[in-house]
Protein chains: 2
Amino acid sequence: MNASDAPSNSAPVGIGLLGLGIVGSAVTSSILSAEGQRRGLRLCAALVRDRARKRGVEIPEGTLSTDPETVLGSPDVDIVVELMGGEEPAMEYITRALSAGKHVVTANKEVISKHGEKLRNLAAENNVSLQYEASVGGGIPIINPLLNDLAANQILGLRAIINGTTNYILTQMASGGASFDDALADAQGLGFAEADPTADVDAFDAVYKISILARLAFGVDVPVEKIFREGIRRTESQDFRYAEELGYTIKLLAAARREDGGLLVRVHPALVPSDVPMAKVEGVLNVVEAEGDLVGPLWLQGRGAGAEPTASAVMGDVLRTVSIIRGGGHVPEARPIDPDLPLLDMASHECKYYIRLTVRDRPGVLAQIAGALGDMDISIASVLQMDSDPERGNADLVIMTHPAREANMQRAVERIDSLGDVDTISNLIRVESYPSDR
Amino acid sequence: MNASDAPSNSAPVGIGLLGLGIVGSAVTSSILSAEGQRRGLRLCAALVRDRARKRGVEIPEGTLSTDPETVLGSPDVDIVVELMGGEEPAMEYITRALSAGKHVVTANKEVISKHGEKLRNLAAENNVSLQYEASVGGGIPIINPLLNDLAANQILGLRAIINGTTNYILTQMASGGASFDDALADAQGLGFAEADPTADVDAFDAVYKISILARLAFGVDVPVEKIFREGIRRTESQDFRYAEELGYTIKLLAAARREDGGLLVRVHPALVPSDVPMAKVEGVLNVVEAEGDLVGPLWLQGRGAGAEPTASAVMGDVLRTVSIIRGGGHVPEARPIDPDLPLLDMASHECKYYIRLTVRDRPGVLAQIAGALGDMDISIASVLQMDSDPERGNADLVIMTHPAREANMQRAVERIDSLGDVDTISNLIRVESYPSDR
């Protein structure tokens, strides 16, 4: 439907669903509720894989179909709500919907992250809206605040916990001493993690999300392959124990920040001081911390996943689209691309580091390691000798450094790894910086 | 300007300011910035009291005037930005602007709280928008999330710290042991409190704000005089000392919640458990905690006052209005009034209470007090005998009760006050309930 033939305020608005899993069922409940009916929402068609499958909501007769054309080709469908996930065929269907002059609401972070610019342009050409509040942070309003409320700010930085699965796993490891494998199995049992957990634990999901936020906050199109990405598989239970002794916990952070000369976007596990609020965001909660030149620091926290929080965001977008349809086609614009803000390489990042290594327990080892670090201009802030294993003649060392550049640290790590008295560098975790004045 | 004669995307949008204090100066800077110019903003006129006064920003020649007609009567002004504060003449000017078909952006909580419904209707009749994100929570996006992002939720409750001045004073009293008078003088010296602090310390400001939020969250028009209001003047430094011993701190809370039979809206100081996040919102920070049936709990925190955070919200509204003007007039609608949600009286509220009294230090006093409470079905959870003054034969008692109804507690307090061995009931503070399951 085009702005030019907008229906009147009382005319029903037709909705077509692509996908009817747990989020789709919650969205359907909301469309069919008394409030949804009062708003004039009408569920016209829903694309499913299996029409016979039981669902948590009663679907009107004749609505389910396995043919996408019932949604994409129906003149009754004004808004297409895409909840299939994954890149294809979701991307193809969204493209067809926008090209056919239908408004689109999607929760698909992968599609928006990889093809957002193309789809936003296609929506603008067809004078329809494309909304994706549910693609980041579940029910937390963050896309629209960045698009609208914070539009007058120069955003200085974003820092977020935006993957509920990994935050649940890390919380279990921190509080219960669980191993990574046990915590993952636990998350899978509770439905917080997929059978194939790669997207979450290897941080692809968080990378998609921070790229979407960075585009809106900074006006920079960030290809996902340009984002520094490290997942949580190397994190072991003793890292939590040692981190706690040092006054930290471990979180998977996604961050984007203006630095000298450009924008650095990174996703990796980080040591976070135990006494900052970020350390206390537990379980499947998400948070986005934004800093604007006018607004200062903002903290937006809520449930980052789950059927109902995601449905809250999807339905917010649907109702906004209904307003747009009835009001005559106002579509909020994203910031224009900023040509003066290049993406920086992680090599230029500077932070303190936590290094856990297993070494031969004999004199001179530390001197060799300190030498390798010192050669790269990295100085040691503290060394803890933790669990030692007299039988094998080994000991665990935990080294905390003063701030160092990533490029230097990577070269130092190579050097240390080649030392004869060093068995393994078990983990290298970046320490997140929290200036006391913020 | 009406939707029917919307300018093209490149046409400038004229802005008229009513008031040019510190917020107005920050807004002016943003309008005159490169980004403001790129967006096509043009500052046409600014109403001031004193044209000669020095301001922190350079104002274009011929813009300042002491005659409101230069703003309200100018055909060049598309958006009137009202930053005068206070009920009159702001209300008159906003009314005239809307009636003349001009869009309005305002930061005026008193006007929106008292006359919001009338002004929203007037805006709708004239097919213009009325926006007031800056009226609550400074730069925190809260009005628009309630209007848009959370529109599909039934909101179950709101709980907030929405007055920066009192939160600064209470934080000073909690951390430094300052007296109320000293903390107030400190806040005044730093510009966080007015010379006449009544609006803040007697909680009128928080009442205006929670009434605005309650209207949007629950679809209930809440007259400010129907809101239970208690300020922070009775709170003394020993209350913080005793509260801390009991595991609490003291905050001025504004809350609105669906309860059996209706909506209870209240603003008062409360004992908040030291280990909940609300206890750690310090200084001039604000927070709004919202709970929706779909989204679950949300936590939105940021700077609640100050020139730049307020300008962030005002400019967000201005840019949204520019989109509306250029897109052809989409104005988001507030929830309709819910006729089935009556306002409840504070008498029905139930909570634990902290009672601080000075009594004659002799046997039998506690039995009399316990009896007066017991007669009203209130049982005591703990009693602490704090500072005693042997010379005067007095002692301070702090009583924590089990949950009780406000009506019963008020009658019990009357009875206790009339006991011969009770000198003074120095303070009665409600204990905020934080169910462990939320």
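In helix H1 of chain B, which spans residues 22-32, the residues Val23(B), Gly24(B), Ala26(B), Val27(B), Thr28(B), Ser30(B) and Ile31(B) are buried. A residue is called buried if 20 or more other C-beta atoms lie within 10 Å of its own, exposed if 12 or fewer do, and partly exposed in between, with the C-beta atoms placed from the backbone. The helices (H or I, at least four residues) and strands (E, at least two) named here are DSSP runs, numbered from the N terminus. The cover over the buried residues of H1(B) includes strand S1 (13-18), helix H2 (34-38), strand S2 (41-47), S4 and H12 of chain B.

The structure is a predicted model, in which local features need pLDDT of at least 70 and side-chain atom pairs count only at pLDDT 80 or more, while totals for chains, interfaces and linings use all residues. Residues are numbered from 1 along each chain as its sequence is written, and chains are lettered from A and ligands numbered from 1 in the order in which they are written. The pLDDT is the predictor's confidence in each residue, from 0 to 100; its mean for chain A is 92, and 96% of the residues of chain A reach 70 or more. Over residues 1-8 of chain A, however, the pLDDT is below 50, and this stretch has 15 contacts in the model beyond near neighbours in sequence. For the model as a whole, the scores are ipTM 0.92 and pTM 0.93.

Strands of a sheet pair through backbone hydrogen bonds, either parallel or antiparallel, and two strands are counted as paired if DSSP finds at least two bridges between them. In chain A, Ile79(A) stands opposite His103(A) in S5(A).

Chain B can be laid on chain A with an RMSD of 0.0 Å by a turn of 180° and a shift of 0.0 Å along the axis, where the superposition is by least squares on the C-alpha atoms of residues with pLDDT of at least 70 in both copies. The two copies are therefore related as by a two-fold rotation axis. Of the residues of chain B, Leu300(B) comes closest to this axis, with its C-alpha atom at 2.4 Å. The same surface serves both copies, since 100% of the contact residues of chain B recur in chain A.

The contact between the chains takes 42 residues from chain B and 42 residues from chain A, two residues being in contact if their C-beta atoms, placed from the backbone, lie within 7 Å. On the side of chain B that touches chain A, helix H6 (143-149), strand S12 (296-303) and helix H12 (307-327) each supply at least two residues, and the largest share, 12 residues, comes from H12(B). Strand S12 (residues 296-303) of chain A pairs with S12(B) in the antiparallel sense over 4 bridges, and in S12(B) the bridge partner of Leu298(A) is Gly302(B).

One residue that touches the other chain is Ile140(A), whose contacts, not counting residues up to four places away in sequence, include Leu298(B) as well as Val288(A) and Leu300(A). Ile140(A) lies in the loop between strand S6 (130-131) and helix H6 (143-149) of chain A, and this residue counts as buried because 30 other C-beta atoms lie within 10 Å. By contrast, Ala334(A), in the loop between helix H12 (307-327) and strand S13 (350-360) of chain A, is partly exposed, with 16 other C-beta atoms within 10 Å. Ala334(A) touches Arg120(A), Leu147(A) and Leu216(A), not counting residues up to four places away in sequence.
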